[in-house]
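Please take a moment with the sequence and the model below before reading on.

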There are 2 protein chains.
Amino acid sequence: MEQSGGRDVVERLRSDIVSSVFEPETRLKFADMTKRYDVGIGTLREGLSQLVSEGFVTLEAGKGFRVAPVSGEELIEITEHFIELEKRAITDAIAHGDDDWESHIVSSHHRLNIIEKLSWPERIERHSEWVQRHREFHESLVAACRGKWLFKLRSLMFNQLDRYRFVTKMAPQGLGKEKFEEHRQIMLAALDRDAEKASALIEHHIRDTSERARTML
Amino acid sequence: MEQSGGRDVVERLRSDIVSSVFEPETRLKFADMTKRYDVGIGTLREGLSQLVSEGFVTLEAGKGFRVAPVSGEELIEITEHFIELEKRAITDAIAHGDDDWESHIVSSHHRLNIIEKLSWPERIERHSEWVQRHREFHESLVAACRGKWLFKLRSLMFNQLDRYRFVTKMAPQGLGKEKFEEHRQIMLAALDRDAEKASALIEHHIRDTSERARTML
DNA sequence: GATAGAATGATTTTCGAAAATGGGTGGAGA
DNA sequence: TCTCCACCCATTTTCGAAAATCATTCTATC
């Protein structure tokens, strides 16, 4: 089998930062990183550099890379930006989505469901998979929106929220069941082409999650 | 004198793309680029990679980097996003700006003025400087906005607009004088703490420029 | 004892050579 | 004539060694 190759080192890095494998403000030294991810210095540098643009990492000239800090203030700001962008995106997607769009929503929701139905220990075991599928589900909802930049910007904000969502995932279960139902409701509203309802549901879904995250920060 | 060092290779690259030194869709080969910018392959790759996140360059795995395409549709979308973000940013800046904020607006406007007052041939001669000072002026207006991400996102959109602004700059003069006055009006509204007026002026300023650019595309 | 400066070690940053990949040409077989 | 495959060249992508930079400790001098 072909080894990782090193093309998805960015994803692994982002995943590790989101999962707090590296805590905020931690220095990311090349000596350690190259061993951990089994790639060369140059490749790693390119990856880190990309994460700087995404806001996960900071770069101080001459001092190297660090994991970007987190704060309640920033969480609030990111949440508001995301909600704003997402509402516009889903409204447009609902207006212009075709059959492929609908079917992809259904399939990605199903994939998310499979993990969300698992027992608690199994679920945290496969947490990185959950992150991936959760991202894909929300992405599928707005996939049909024209507006390349609208999509880019909302994805930027969504990825940032992943960092903060993580803290709520490690908390005692109970909120899982709620979110489970919320996802279903959002899907149904989208398939029903009810933009108003889908927007409202998403707004509540996101804002509620962020609120909980903020209290746990 | 110390040679370039290679830390601002990103700015030179962006500047060359904005100025259409490399036309859209052009392949950016490392062999040529390393000679042109006098930096190594790795450094260049890191720079290109950053421009991918900013949307100036595209990267197809295995096929290398290309200058991102331009289109009237994208111009419209970028314009609307920028106006939306900029209005929020300037409103917040006007509400919270201090004396330093004001004085920096005045000084950067002055620096822009110096170039805008020049004769036509001199002005296109120093076009890259104009781009820089124009950016700094608009940036100074919103510098006091809290909201790190609001600032980031609006800057992303502003940089994209630079590409499209360029086509209008090469057109026969006449619009120069108008923009000259518009910049002054915007500055006065900001110093007067009139958020409504400043927002309206900026909206018109940007939308008008984009409209002209679109007809010339 | 305090401070500046030099020397040392750790880490980042740069760079070009080597490996991997893609595109294109030509020739053999049908 | 057309298709397929093997080869070759151009280009990208990866990688680690060498140079540059930053932080720290040690020493000499006031």
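At roughly what angle do the axes of helix H4 and helix H8 of chain B cross, and within what distance do they come? In this predicted model, the axes of H4 (residues 72–96) and H8 (residues 148–169), both of chain B, come within 9 Å and cross at roughly 140 degrees. Angles over 145 degrees would count as roughly antiparallel and those from 65 to 115 as roughly perpendicular, so H4(B) and H8(B) are described as oblique to each other. The crossing in which H4(B) passes H8(B) is left-handed. Residues of H4(B) that make this contact include B:Leu75, B:Ile78, B:Phe82 and B:Arg88, while H8(B) contributes, among them, B:Leu153, B:Met157, B:Phe158 and B:Tyr164. Sorted by class, the contact of H4(B) with H8(B) has eleven nonpolar, three polar and four charged residues.

The two chains can be considered next. Chain B can be laid on chain A by a turn of 180 degrees with a shift of 0.0 Å along the axis, giving an RMSD of 0.0 Å, and that is the relation of a two-fold axis. Within chain B, the C-alpha nearest this axis belongs to B:Glu46, at 2.6 Å from it. Because 100% of the interface residues of chain B are also interface residues in chain A, the copies meet through the same surface.

Finally, in chain A, A:Ser199 lies in helix H10 (residues 195–216). Is A:Ser199 buried or exposed? Its relative accessible area is 8%, which means that A:Ser199 is buried, and, leaving aside neighbours within four places in sequence, A:Ser199 is in contact with A:Lys87, A:Ile90 and A:Thr91.

Methods:
Residues are numbered from 1 along each chain as its sequence is written. Chains are lettered from A and ligands numbered from 1 in the order in which they are written. This is a predicted model: local features need pLDDT of at least 70, side-chain atom pairs count only at pLDDT 80 or more; totals for chains, interfaces and linings use all residues. Side-chain values use heavy atoms; hydrogens and water are left out. Copies are superposed by least squares on the C-alpha atoms of residues with pLDDT of at least 70 in both. Contact means heavy atoms within 4.5 Å. Axes are lines fitted to C-alpha atoms, for helices over the stretch in contact, and angles run from 0 to 180 degrees between N-to-C directions. Helices (H or I, at least four residues) and strands (E, at least two) are DSSP runs, numbered from the N terminus. Angles under 35 degrees count as roughly parallel, over 145 as roughly antiparallel, 65 to 115 as roughly perpendicular and the rest as oblique. A crossing is left-handed if the near helix is turned anticlockwise from the far one by less than a right angle, and right-handed if clockwise. Ala, Val, Leu, Ile, Met, Phe, Trp, Tyr, Cys and Pro count as nonpolar, Asp, Glu, Lys and Arg as charged, and the others, Gly among them, as polar. Buried means under 20% relative accessible area, exposed over 50%, partly exposed in between (1.4 Å probe, protein chains only).
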